[in-house]
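Here is my note on the model, as numbered points. Please read it with the structure open.

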Amino acid sequence: MKFVLATQNPKKKEEMVAILGDLGVDIVTEEELGIHVEVEETGKTFGENAALKAKAVMEATGLPAIGDDSGLCVDALKGAPGVYSARYGGPDMDDYGRCKLILDGLKGETDRRAHFETYIVCAFPNGDWFAAKGECQGSIAFAAMGNNGFGYDPIFFRTEEQKTFAQMTAAEKAAISHRGNALRSFKTKLEKYLAEHPEG
Ligand code: IMP
């Protein structure tokens, strides 16, 4: 079965193929199909945004489509930046500025708890759909540490590994990350769906 990945980011396809590859599914990106579906992320939850993306790309292509949405939720900031993770601090802010904004927002705060969350939604032209969720619990460090990864990785600290995400290799991070966990859960659900729909 062929699936379109609702993203402009080629790295997301690499990640997905690495985990789903052995299911024998064909995953193509919007770019590979020569389309760019503009989706306004108006959802109040990661699940709503992932569903908006999957549904819009499924409708534009007539193919089963996979959408995902992730972000960081900081307890002492009442769950912010949440669904605004990519645009926290406004359009001119970069990853460094966004990390600094979180560190400044937590100055003097002892409750550093935070988690990353990912939702992946698969929408089929016949109206079927399913969703998978992944989380990763951690805390906000007192200063940025490490150079790997992207986004909020330098300030997201894991007590278990005694490292921030940015101090881990890509493989170390994928083994415990929200996205890795969501992809592994998604794989189980997709495998079940394919077994129940052998006609494709
Ligand atoms: P997306 O929905 O996967 O594109 O993620 C939205 C935003 O959440 C990104 O632009 C990052 O700011 C943040 N984010 C999501 N996943 C991660 C991660 O694994 N590390 C750091 N930041 C992340």
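What volume does the largest pocket have?

1. The largest pocket has a volume of about 1400 Å³. A pocket here is an open set of points on a 1 Å grid over the protein atoms alone, with protein on both sides within 12 Å along at least five of seven lines. Volume means the space filled by probe spheres set on the points, which are joined across faces, edges and corners.

2. A word on the basis. This is a predicted model, in which local features need pLDDT of at least 70, side-chain atom pairs count only at pLDDT 80 or more, and totals for chains, interfaces and linings use all residues. Residues are numbered from 1 along each chain as its sequence is written, and side-chain values use heavy atoms, with hydrogens and water left out.

3. The pocket lining holds 48 residues, and N9, K12, D68, F150 and R179 lie nearest the centre. Lining residues have an atom within 4 Å of a point. By class there are 18 nonpolar, 14 polar and 16 charged residues. Asp, Glu, Lys and Arg count as charged; Ala, Val, Leu, Ile, Met, Phe, Trp, Tyr, Cys and Pro as nonpolar; the others, Gly among them, as polar.

4. Helix α1 gives the largest share of this lining, six residues. Helices are DSSP runs of H or I with at least four residues, strands are E runs of at least two, and both are numbered from the N terminus.

5. The ligand takes up the largest pocket. To sit there, more than half of its atoms must lie within 2 Å of the pocket's grid points. The elements giving two or more residues to the shell around the ligand are β3 and α5. The largest share, three residues, comes from β3.

6. Around the ligand are 14 residues, with K12, S70, D153, K173 and R179 coming nearest.

7. Polar contacts are pairs of N or O atoms within 3.5 Å. A side-chain N or O atom of D153 is 2.6 Å from a ligand nitrogen. For R179, a polar side-chain atom lies 2.8 Å from a nitrogen of the ligand. Y152 uses a polar backbone atom, 3.2 Å from a ligand nitrogen.

8. There is also one cavity of 30 Å³ or more. A cavity is a set of points where a 1.4 Å probe fits but cannot get out. The largest cavity holds about 60 Å³ of space. Its lining is L5, K12, E15, M16, D68, I120, R179 and L183.

Conventions. A residue is near a molecule or strand if one of its heavy atoms lies within 4 Å of it. A polar contact is a pair of N or O atoms within 3.5 Å; within protein, one must be able to donate a hydrogen and the other to accept it, and residues adjacent in sequence count only if both atoms are side-chain atoms.
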